[in-house]
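Good morning, everyone, and thank you for making time for this. Please look at the model on the screen while I talk, and I will go through it one part at a time.

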Amino acid sequence: MLLQVKNLQCGYGALEVVHGVSLHVCTGEIVGLLGANGAGKSSLLKAMVGLLTPWHGRIWINSRLSGWAPAWRSVSNSVVLVPEGRQIFSDMTVRENLIMGGYHNPDRKSDIDIILDRFPKLRERIGQVAGTLSGGEQQMLALGRALMARPKLLLLDEPSMGLAPLMVEEVFAEILKLRDAGVTILLVEQNATATLQIADRAYVMETGRIILEGEAADLLQNPEVKRAYLGKSYKEVWE
Amino acid sequence: MGSEILILQYLLSGITKGSIYAMVAIGFNLIFSATGVLNFAQGEFVMLGGMIAVTLSFYFPLPVAVAGAVVIVACIGCLLELLFFRPLRHHSILHMIIITIGLSIVIQEAALHIWDEKVRSLPYFTGNEISSVKIYGAAISPQVLWVLGTITVSVILLHIFLRYTLQGRAMRACSSNPEAAMLAGINISNMRTLAFGLSAALGALGGCVISPITMTQYEAGAPLAIKGFAAAILGGLGNPMAAVAGGLLIGIIEAFSVSKLPAAYNDVSAFAILLLVLFIRPHGLFGSPSGQGVREF
């Protein structure tokens, strides 16, 4: 098991946002984590990489207890988070963004070429300041930057947010390719349909708790999921 | 003396003073970019650099004394970050700015106790007080060339560091997006310490080269901090290279104001510029209105 979370509680200030969540991700899987805005998905991811200190509960990465180390150490655990809203270094060039992603990677020079082969659009823009890229290109850059650290586990926070439908398809195709290349993926999304189509398993979160979990194919058929997350009306579901 | 030569003379003296303001302004920028703090103890680094170099020059040859002073002040800068700013990371930026003002007073008092209130100076690096170089008819001290050369070289080196080295890029990444920098595995606390060390070193170097011209005294730092701050604001906070332009401009304006206004009004021009910029163009000459600036304070 690559990632295991047991009974995790965390939050901001005095406000608890995640109320005891347990989940696991096995090597080679794509696991979806669905839920509406404010369900605590992003906070859960932040706790996994050390941006938030867990109040209670345990996190194991590669069977090693983690969760209290500062965030900059998570990279050496081979866990990389692509944060919500992409968070690229907007006043640095595309190349510099990639170099920063490989800050701890001694082979960063040769890895840049591999990333650019994967995302040919970035090669065209290599010297451009990252803030001038389109939303889709920025998402690709955020992915590429994360891959520069050679992660075993990639945590993706809403990669489809704010992208045109065609770009969303492209991003999800890229995620599938990454899995085939041996990267394990925990995918946090509001776009439930697209996520359940590529994921192996999924969890559904609501107000800080996991309310459903199972095989992605089963969840696609689950009436509760259909009603709440797949945008079907009651009538469609119950007929 | 012809008026062109007089103008050139004013210009050169303005550029010399302006170079030191630029050094201080770069220091402001480095720390501001890395931590969001405006470090009003920046002028004290210049003062300490000069004072320590003067003391060391009694025991060592001049180049060693200057290098030693720069290293010692850089360590002091790192130490200040480790002792005061790292533990107080979770306080508001305003708290930390007030702490820098407090530190500036403490450092001045300490300097008064370690040395005394006497005005000191390093010997001229080459030649002496009366040797001069003629440039287009204007006579300038060779020390002015030392100041300009040192500052040009350090600005270029800093630029190369920030643009082309891994650690320099990491430093820019930290100011661009601290959270993303952390996620990339950059230890941003150490980057902040490095920023303090670097700007302390730059300030100290400026303090050493200017010392033969302007002399050094325990309270020489505070006015430099204010003028360096004015230069940083004029250039636009967050851009070390714009700070150089800001510093030179303020130095030149000051020098020319002496020719028109009574000498007592010398300091007024820097403050007038500071206020004007804050009122009319708070993001500075080269900053973008949407970028980070002083408006948040």
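Before the first pair of helices, a word on terms: an axis here is a line fitted to C-alpha atoms, for helices over the stretch in contact, and an angle runs from 0 to 180 degrees between N-to-C directions. Helices (H or I, at least four residues) and strands (E, at least two) are DSSP runs, numbered from the N terminus. What you see is a predicted model, in which local features need pLDDT of at least 70 and side-chain atom pairs count only at pLDDT 80 or more, while totals for chains, interfaces and linings use all residues. Residues are numbered from 1 along each chain as its sequence is written, and chains are lettered from A and ligands numbered from 1 in the order in which they are written.

Let me begin with chain B. Two packed helices are described by the angle between their axes and the distance between the axes. In chain B, helix H1 (residues 3-35) and helix H2 (residues 42-57) have axes that come within 9 Å and cross at roughly 130°. H1(B) and H2(B) are therefore oblique to each other, given that angles under 35 degrees count as roughly parallel, over 145 as roughly antiparallel, 65 to 115 as roughly perpendicular and the rest as oblique. The crossing of H1(B) with H2(B) is right-handed, where right-handed means that the near helix is turned clockwise from the far one by less than a right angle, and left-handed that it is turned anticlockwise.

Which residues make this contact? From H1(B) they are B:Val24, B:Gly27 and B:Phe28, and from H2(B) they are B:Gln42, B:Gly43, B:Phe45 and B:Val46, where contact means that the C-beta atoms of two residues, placed from the backbone, lie within 7 Å. The residues of this contact comprise four nonpolar, three polar and no charged; for these classes, Ala, Val, Leu, Ile, Met, Phe, Trp, Tyr, Cys and Pro count as nonpolar, Asp, Glu, Lys and Arg as charged, and the others, Gly among them, as polar.

H1(B) also packs with helix H10 (residues 240-260) of chain B, at an angle of about 145° and with the axes 6 Å apart. This crossing, too, is right-handed, and its contact has 17 nonpolar, nine polar and two charged residues.

In the loop between H1 and H2 of chain B sits B:Phe40. Is B:Phe40 buried or exposed? B:Phe40 is buried, because 23 other C-beta atoms lie within 10 Å; the cut-offs are 20 or more such atoms for buried, 12 or fewer for exposed, and partly exposed in between, with C-beta atoms placed from the backbone. Not counting residues up to four places away in sequence, B:Phe40 touches B:Ile97, B:Thr100, B:Ile101, B:Ser104 and B:Ala225.

Now to where the chains meet: 21 residues from chain A and 15 residues from chain B take part in the contact. On the side of chain A, the elements that give two or more residues are strand E6 (79-82) and helix H2 (94-101), and H2(A) has the largest share, with four residues. By class, that side has 14 nonpolar, five polar and two charged residues.

Chain A itself has ten helices and ten strands, and 47% of its 239 residues count as buried. Helix H1 (residues 41-49) of chain A has nine of its nine residues buried, so it is largely enclosed by the rest of the structure. Just after H1(A), A:Gly50 has a positive phi of about 95°.

In helix H5 (residues 135-147) of chain A we find A:Ala142, which is buried, with 23 other C-beta atoms within 10 Å. Leaving aside neighbours within four places in sequence, A:Ala142 is in contact with A:Val82, A:Arg86, A:Gln87 and A:Ile88.

I will end with backbone angles. Most residues other than glycine have a negative phi. A:Ser63, although not a glycine, has a positive phi of about 65°; A:Ser63 lies in the loop between strand E4 (56-61) and strand E5 (64-66) of chain A, and counts as exposed because it has 9 C-beta neighbours inside 10 Å. B:Met215, also not a glycine, has a positive phi of about 70°. B:Met215 is in the loop between helix H8 (188-214) and helix H9 (221-235) of chain B, and with 15 C-beta neighbours inside 10 Å it counts as partly exposed.
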